[in-house]
Amino acid sequence: MSSKEDGMKCDHCDKSATVRETTVKNGAKIERNLCEACAIQTGVLPDAPGNAADILQASGAYISGAGQARASACATCGTTLAEFKQHGLLGCRECYKVFESHLGPLLERAHEGGVVHRGKSPATGPAGATDSAPSGPSSASPAQVRSPARVRKPGTSDADIAKINLLLDQLNDKLKEAIVAENYEQAAKIRDQVVKIRATLLPAAKAARRKPKPDDGAAP
Amino acid sequence: MNTDGPSAGGGISPGAGVPWLAGEGQSADVVLSSRVRLARNIAGVRFVGKADRRERMHVLEAVRARSTLLKNVGQLVWINLHESTVSDRTILVERHLISKQHSKSRGVNAEDPRAVLFSLPDERLSIMVNEEDHLRMQSVMSGLCLDACWRTLDAVDDAIGAALPFAFSPRFGYLTACPTNVGTGLRMSAMLHLPALRLTGELEKVKRAANDIALAVRGFYGEGSEAIGDLYQISNQTTLGKTEQEILAELHLEILPRVVEYERSARRELLSKRLSTIEDQVFRAYGTLLHARLLGTEESMTLLSMVRLGVVAGLITGHTQAKINRLLLLVQPGHLQLMWGKELDQEQRKVARAEIVRQELK
């Protein structure tokens, strides 16, 4: 799904389309152009996007300084920004959220502009990311480690996240192209799209995945 | 699984050399070995640097329990490094089964729970537990074979990952203590013998070119080590934003074959245009190794490098690459003392090293 440039009408009503959903079914690419209202109605866009903190955090990555006040220390492991800057090491997976605004430029430098993961996922879907148990000593009991039989199968929301990531991927490629072509106006548009998707779709999809599933026998 | 940590690092036979130095496989004239490493952390447990003793112990137990799921990797040996001797750890470092960092301890406390799991007889798989990340899994084999190493490790990663939830985020991928490893957590490297490029003065070009495309060039013992014996490791730096297949293709199909060809053409040029100079250097090195009575580690490796070039180029006959590769390991202090059967001080080691080299090259 991506925002549409000028001219396109919504497939459901006469308003101009702002969202394009691309799905692949049986090998065929299906595109839908929707306005924002219809997109929410059909579930393509989330109605109540994530929680406020998630959005603040995600957009904080792109608003210089916005995330800094909250990013001075990680509540889970106690890693401070100063410590991270000194040793270059994060203390737990929560640090990736807490220090996200500082990671962006660093990651781009370290990974030749790579900002989004494109490699493999854990065999059973990204279970680690959904494990909402807080990190720390209290969560270290062996009982928390799932046995193979209890590992949750990938749900539809995993597929959603994969789709969103693919889209982010494509947008980032376009962003690079636009920058290379010095088409900064276009680049700014694409960047805004990326920010919007990060702020709304990803947290919503993650929130959906956190909801317990019938087949989820995992320890809390 | 062998659960003890007997001397000589849990069933390793030091005199036999290591399979990844067997001098076999594709492009073995230049590429000594290929290595693939994956960094993983267990979800819900703080990374090693911030983990307390209980969490570290939990990680050890969790990994050890899951290791029984690994099939077709040979006999597995588990060693608790916090309970092992310094000499055991030295052997493991010299065989590249653990890093120097892991041999010591990251924190202040040398007793920090940490372990290594590796496969026998071929040592192609090893897993460092509680190094910088909870798991550092690696697969090492002889010659240019990053593809085979990757297949092995990918399967191991799937088997363990299916039973142990790894810290993963859709945006950042596998989460690692150091953000420079985040994403795939994948490091692929090849150990290359590049004496001709040093002699022709073209090595700096290779290093510069590698840096330009975000590849790291390091010494025999990896990060922070000097290149001794003309041995270099070339590895990817980027782990985020590329797929494993892309990283593999870039190194295995594009970069490394080019460096191999570059070294080969430098060797051909030396042999055709500066034969006496090269013969002189090769045979001086050979002569020294055959007759010296005192040899240091670094000196031995430098001389062995020229002898290896001589063997590969057909100037020296009667020795195999495998034997010279094996000597590169036997001259290391840990292996030397194990071969000798007792602890030696530095001067005694020089005597012992010279004697072992003389015997092997006789």
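## Loops, domains and cores of a predicted model

Asp230(B) sits in the loop between β9 (215–218) and β10 (231–236) of chain B; helices here are DSSP runs of H or I with at least four residues, strands are runs of E with at least two, and both are numbered from the N terminus. This is a predicted model, in which local features need pLDDT of at least 70 and side-chain atom pairs count only at pLDDT 80 or more, while totals for chains, interfaces and linings use all residues. Residues are numbered from 1 along each chain as its sequence is written, and chains are lettered from A and ligands numbered from 1 in the order in which they are written.

Let's stay with the loops for a moment. Phi of Asp230(B) is near 55°, a positive value in a residue other than glycine. Asn130(B), in the loop between β4 and β5 (135–142) of chain B, also has a positive phi, near 65°. A residue is called buried if 20 or more other C-beta atoms lie within 10 Å of its own, exposed if 12 or fewer, and partly exposed in between, with C-beta atoms placed from the backbone.

| Residue | C-beta neighbours inside 10 Å | Class |
|---|---|---|
| Asp230(B) | 23 neighbours | buried |
| Asn130(B) | 27 neighbours | buried |
| Thr176(B) | 28 neighbours | buried |

Thr176(B) belongs to the loop between β7 (173–174) and β8 (186–193) of chain B. Leaving out residues up to four places away in sequence, Thr176(B) touches Ala39(B), Asn41(B), Asp133(B), Asn181(B), Val182(B) and Gly185(B); contact requires C-beta atoms, placed from the backbone, within 7 Å. One more loop deserves a look: the peptide bond from Leu120(B) to Pro121(B) is cis, with omega near 5°, and Pro121(B) lies between β3 (115–120) and β4 (125–129) of chain B.

Now for the domains. Chain B is divided into domain 1 (6–10 + 17–267) and domain 2 (274–361), with bounds that come from an automatic or database domain assignment. Their centres, taken over C-alpha atoms, are 27 Å apart. The contact takes 20 residues from domain 1 of chain B and 23 residues from domain 2 of chain B. On the domain 1 side, α3 (86–94) and α6 (195–199) of chain B are the elements that give two or more residues, and α3(B) gives the most, with 4 residues.

The cores come next. A nonpolar core is a set of buried Ala, Val, Leu, Ile, Met, Phe, Trp, Tyr and Cys residues joined through C-beta atoms within 7 Å. The largest one has 132 residues, and those with the most contacts inside it include Val116(B), Leu146(B) and Val307(B). Helix α8 (residues 244–273) of chain B gives the most to this core, with 8 residues. Domain 1 and domain 2 of chain B both give residues to this core, so it lies between them. Beyond its neighbours within four places in sequence, Val307(B) is in contact with Val282(B), Ala285(B), Tyr286(B), Leu289(B), Ile316(B) and Ile324(B). A second, separate core of 5 residues includes Ala17(A), Leu34(A), Cys35(A) and Cys38(A).

Finally, a helix pair. The axes of α12 (residues 333–340) and α13 (residues 346–361) of chain B come within 10 Å and cross at roughly 75°; axes are lines fitted to C-alpha atoms, for helices over the stretch in contact, with angles from 0 to 180 degrees between N-to-C directions. The two helices are therefore roughly perpendicular to each other, a label for angles of 65 to 115 degrees, with under 35 roughly parallel, over 145 roughly antiparallel and the rest oblique.

Note on methods. Contact = placed C-beta atoms within 7 Å.
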